[in-house]
Amino acid sequence: PAHFLLKDLDALYQINTKVTNPLEDFLIQEVLPTFSAEETVNVDLIQSLIKNNTLTIGIKMDEGATQDTYIMLTVTDDQFQEILAEIKKQDTITTESYRGKTIYSENADAVYVYLNGYFIEANNIDTLKKVIDRSKDSTEKSLINNDNYLETKARFVSGNFLNFYINPSGSMNTLNESLFAQGMENSPLELSFSPAFQEMISAVLAEGFSIKQQEDGFNFTLSVEGDGGKLQNLDMEFNQYNFVPSLYKMMSGEDLILYNEEYNLADRMEKTMKIFNADSFLLQMYAEWKTEYKNQSGIDLDEDFISLLSGRNALFIHNTDQLYPAVTLILDTEENNQKAQATIAKFVTYLSDEFATAENSDFFTHNPSINIGGTNFQEFTIDTSKTVCPNEYSCEQNVQDLVDQTDTAKITLRIGVTSDGKIVISTHRDLAAMFKKANGLTNNSGFNDAFTNDQEEIESIMYVSFNGLTNYIENFMTD
């Protein structure tokens with residue numbers, strides 16, 4: 001397909017049913033049966049097109065606030081004739097000959113051609129004629145000669161059933177031009193986002209995503225191709241946050257749903273804020289919220305908390321057969337251990353003052369010292385079974401029944417700082433069985449199989465266990 005599509009395409013999406021994938025099963029087993037009673041739908045033809053095929057969708061924005069769209073499907077000549085026959089049942093088709101090919105027009109917005117084993121649809125006849133031109137002339141102006149696309153495609157996981165390629169810089173530039181063409185003095189992009197953000201987008205040459213189904217879940221890749229010079233000038237090089245993950249060793253992989261580890265979240269947040277204009281509504285709301293939170297808690301989010309996020313940080317989500325999955329956050333603050341201790345002390349004081357009142361004493365308890373894995377934790381427990389709904393409309397009764405009838409009533413929050421400066425905040429009810437276990441997440445076979453190089457420097461790592469997520473959903477629905 002890349003031979004037929006234009007070189008500066010803004011987006012390309014492909015679905016491949018020649019490999020194992022959930023989309024084909026869903027369409028055939030769930031969607032097609034709903035059409036079986038419709039006489040106007042040729043179910044057998046649709047099923048033959050879904051199986052063992054590749055669907056390609058290409059999009060190119062233009063300056064007139066519209067877009068050129070391409071849809072391509074591998075078909076035989078007989079299948080193409082069947083498709084035309086089905087279309088003729090609904091509408092009149094006109095034909096036009098162009099460079100030895102027959103163009104079929106259903107209307108001005110739907111034109112088709114059979115070209116080199118492909119059924120190709122475009123949203124206007126000029127766009128389709130250019131497809132035919134590229135198939136017969138030099139491929140110099142074709143996507144197949146776009147180096148950024150080729151670099152992105154090379155990083156797609158082999159055997160993927162879904163992939164897409166996007167040209168962010170081209171899309172944004174065209175969108176801005178399109179909005180100006182409609183008479184806007186300033187586009188919403190320019191009003192909302194800072195010049196630095198627009199420069200950053202112009203430095204991103206391509207983004208790609210691909211996903212493959214495996215026996216134990218899914219394998220996916222996400223890649224970004226950028227202009228190194230521009231990104232360096234903006235202090236946004238892709239590799240500046242590269243690190244070797246290590247916090248995965250601190251929690252057990254038993255019943256794991258999700259794990260994510262990154263580096264220097266403080267700097268990432270600072271750069272994220274720079275993408276918005278200083279007077280944007282979002283930044284104003286954020287500033288007001290920080291001020292209000294400081295007035296209530298005594299905690300300065302910038303000074304007391306965000307400044308601690310310059311090291312590794314990890315998020316763990318586990319299934320514990322409770323209503324809500326257990327969430328654990330670990331922050332490596334080794335270089336700011338004293339500040340970490342001071343911040344936690346402020347937070348503990350705030351929670352105690354907020355909840356430890358006479359009216360809350362029946363359902364709120366605070367244990368100021370509990371040792372888990374050699375670390376002293378502050379433990380807060382809220383027993384929701386002892387809370388009541390003020391009126392019949394304030395709580396969903398089925399949720400209240402769920403809380404009453406299962407072992408989900410107690411929510412436990414533990415906060416501590418390890419001797420080597422790692423802040424641990426967790427709602428796992430059995431933290432003692434999970435924290436600082438010898439093998440960490442590697443006792444989860446799925447994670448162990450996926451995480452094959454524990455010394456590789458990477459920008460971030462995320463692992464999602466679909467089995468763990470499925471078990472949580474099943475337990476929730478069963479309860």
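1. The model is predicted, so local features need pLDDT of at least 70 and side-chain atom pairs count only at pLDDT 80 or more, while totals for chains, interfaces and linings use all residues. Residues are numbered from 1 along each chain as its sequence is written, and side-chain values use heavy atoms, with hydrogens and water left out.

2. The protein has 16 helices and 18 strands, where helices (H or I, at least four residues) and strands (E, at least two) are DSSP runs numbered from the N terminus. Of its 479 residues, 41% count as buried; buried means under 20% relative accessible area, exposed over 50%, and partly exposed in between, with a 1.4 Å probe and protein chains only. Among contacts (heavy atoms within 4.5 Å) with a separation of 6 or more, 67% are between residues 24 or more positions apart.

3. Eight strands make up an open sheet with antiparallel pairing, in the order 14-15-16-17-13-12-11-18; two strands pair if DSSP finds at least two bridges between them. Strand 14 and strand 18 (461-464) are the edge strands, each pairing on one side only. Within the sheet, strand 12 (residues 312-318) and strand 13 (residues 326-332) run antiparallel and are joined by six bridges, and Ile317 stands opposite Val327 in strand 13.

4. Lys422 lies in strand 17 (residues 422-426) and is buried, with a relative accessible area of 11%. Its side chain makes a polar contact with that of Asp420 at 2.9 Å; such a contact is a pair of N or O atoms within 3.5 Å, and within protein one must be able to donate a hydrogen and the other to accept it, while residues adjacent in sequence count only if both atoms are side-chain atoms. Leaving aside residues up to four places away in sequence, Lys422 touches several others, including Leu247, Met250 and Ile330.

5. Phe364, in strand 14, is buried at a relative accessible area of 8%. Phe364 and Ile411 are 47 residues apart in sequence and 9.7 Å apart in space, C-alpha to C-alpha.
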